[in-house]
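This report describes the architecture of one protein model, beginning with the whole chain and ending with a single residue. Please examine the sequence and the structure below before reading on.

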Amino acid sequence: MARPNILIIHIDALRSDYARYVSSALGSDWLVYKEVYTPLYGTDPVVTTVFTGMYPVRHGILRHGPWVTGTETMLLRLRTRDNWLPEVLASNGYETMAYDILGRWHRRGFKRYIELPALRHGLIKLSYVAKHAALRASRKIAHAFFRNPPTPYPPVITILGQVLRGLKGAKKPFLAFVHIWDTHTPYLVTHCSPKRRPGTPLSVLLEKVIDEQWRRYLRDLVAWGAHTIEDIIERYQAAACSVGEALRLFIDKLRDTGLYDDTLIIIYSDHGESLGEHGAFFDHHTVHEEVIRSFLAIKPAGREEPIMLNRVSLVDVAPTIFGILRVSGAIDEELYRRLSRRWDGLDLSLPNAPDMDGNRVLYFGMVADKPGLDTLFGIIAGSWKYIESFMHNRPEKCPRCGAKHHDQRELFKIDRDPGEKQNLVEEEREIAQRLRELLLRHLRSARHPELDKIITQVL
Ligand SMILES: [Zn+2]
Ligand SMILES: [Zn+2]
């Protein structure tokens, strides 16, 4: 059997309830998972999970961007020496390429790593700089001279056009990783033009925001051309819609080039986004459902179909890719067995994998990276979701947006209360205690020195 190509498409900050714009672009040969959870709220830890099948507490990366510490990257080097998906595939004859801006360790194993800003034309880059300079000088000038605001990311259509050209010329089999940003703030890189909606004036939101830098970002960029909170939500929706439309076109083109049938395609979102729920606007720094529910869809290459599970997590992505590769003979049994010893996730291509009864236990969390944010870990088991803050001297309100997102300890029955409005931690003490013990066991078993410090500070 021929070795399948692999294409992984990462959509940043696409909420599960807006993912219909993407899933409606996919045919009946796709498996769209119903209930998908992300293991952590940050992009860096999640991509690292996707390439290893390990929970962030085990691969080491807990924070995102400039807040990742030396201990985290050291643990990552030690613990992912021989199971990093792009490296394993590269050493098994795959041509590897990525289209992304994350850089750093995410480059590992990619023969070609195309940084997204390089996709831009020189002129556009200049105008981006000019727009930012104008923004700093005066918002009025910027609005008068530039109809489109500056955005740090090229639109999905530009990225996918470049990817298509790259795939056509690539040696086979290939692994391609693509990162799409339209649904990440400032939600501006969309071709759809959203309507203006009556609603809550932006000033109401901006007045509440405590963090000066965050207020400036919201006011100058996220609020570009918008007058109400609803205008911005409309633009988020337009962004999700334009990602779906671009993917529909892209998949058609893949069919035209003959690449579609022989390619295993995985589309996922790394986390959701708060659009006002629990007092958080236009960011992802809580562990409520709107943030930790994400999206996963798989289009198998050939007949070996992953089976449906009620509840999956992004820790399952790497095990499932390797499972499909084993069936098609692209990797041997011994390599699969060696890799599988490290996974926290399940190979969804195995019909008899354990815990497939919908009561699967999953873990999630967020670790304060930007100053002032909370450190929260949690567990989902059956219809129960337990969350605990592990922050020492925790402020009553979020120092970023001035709202209260989480209590110290929370227990929700998410089938009856998906909006997580009723904290049952006092009423259901026994359940909360049992889940807490499982959670602590999971966190301690990771043997992560920084995590251990975080836990012992509050226990
Ligand atoms: Zn992200
Ligand atoms: Zn907040």
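## Overall form

Two residues are said to be in contact if their C-beta atoms, placed from the backbone, lie within 7 Å. In this predicted model, contacts between residues at least 6 apart in sequence can be sorted by their separation, and 68% of them join residues at least 24 apart.

The protein contains 16 helices and 15 strands. Its C-alpha atoms occupy a box of roughly 60 × 60 × 40 Å along the principal axes. A compact globule of 459 residues would have a radius of gyration near 23 Å, so the 22 Å of the protein agrees with that expectation. Of the 459 residues, 49% count as buried.

The protein is divided into domain 1, residues 5–340, and domain 2, residues 362–458. The centres of domain 1 and domain 2, taken over C-alpha atoms, are separated by 25 Å. Across the boundary, 35 residues of domain 1 are in contact with 30 residues of domain 2.

On the side of domain 1 that touches domain 2, the elements giving two or more residues are α3 (56–59), α4 (70–79), α12 (289–292) and β11 (311–313). The largest share, 3 residues, comes from α4. By residue type, this side of domain 1 divides into 16 nonpolar, 12 polar and 7 charged residues.

## The antiparallel sheet

Strands of a sheet pair through backbone hydrogen bonds, either parallel or antiparallel. One open sheet of 4 strands has the order β12-β13-β14-β15, and its pairing is antiparallel. Strands β12 (362–366) and β15 (409–413) stand at the edges with a single partner strand each, so one side of each is left without a neighbour in the sheet. From one strand to the next, the twist averages 15°.

Strand β14 (residues 384–389) pairs with β15 in the antiparallel sense over 5 bridges. Within this pairing, Tyr386 has Leu411 in β15 as its bridge partner. Helix α15 (residues 429–445) packs on the sheet and touches β12, β13 (376–381), β14 and β15. The direction of α15 makes about 65° with that of β14.

How many residues of strand β6 (residues 174–180) are buried? The count is 7 of 7, and the strand is mostly covered. Phe174, Ala176, Val178 and Ile180 point one way from β6, whereas Leu175, Phe177 and His179 point the other way; all are buried.

Strand β6 runs parallel to β1 (residues 5–11), to which 6 bridges join it. In this pairing, Val178 in β6 is the bridge partner of Ile9. Strand β6 also runs parallel to β4 (residues 95–100), with 5 bridges between them. Here Glu95 stands opposite Phe174 in β6.

Pro173 lies in the loop between α8 (156–169) and β6. Is this residue buried or exposed? A residue is buried if 20 or more other C-beta atoms lie within 10 Å of its own. Pro173 has 22 C-beta neighbours inside 10 Å and therefore counts as buried.

Leaving aside residues up to four places away in sequence, Pro173 touches Arg3, Pro4, Asn5 and Tyr94. Pro173 and His448 are 275 residues apart in sequence, and their C-alpha atoms are 36 Å apart in space.

How values were computed. Residues numbered from 1 in each chain as written. Chains lettered and ligands numbered in written order. Predicted model: local features only at pLDDT ≥ 70, side-chain atom pairs only at ≥ 80, totals over all residues. Pairing = 2+ DSSP bridges. Axes fitted to C-alpha atoms, helices over the stretch in contact; angles between N-to-C directions. Buried ≥ 20, exposed ≤ 12 C-beta atoms within 10 Å, placed from the backbone. Domains from an automatic or database assignment. Nonpolar A, V, L, I, M, F, W, Y, C, P; charged D, E, K, R; others polar. Rg over C-alpha atoms; globule rule 2.2 N^0.38 Å.
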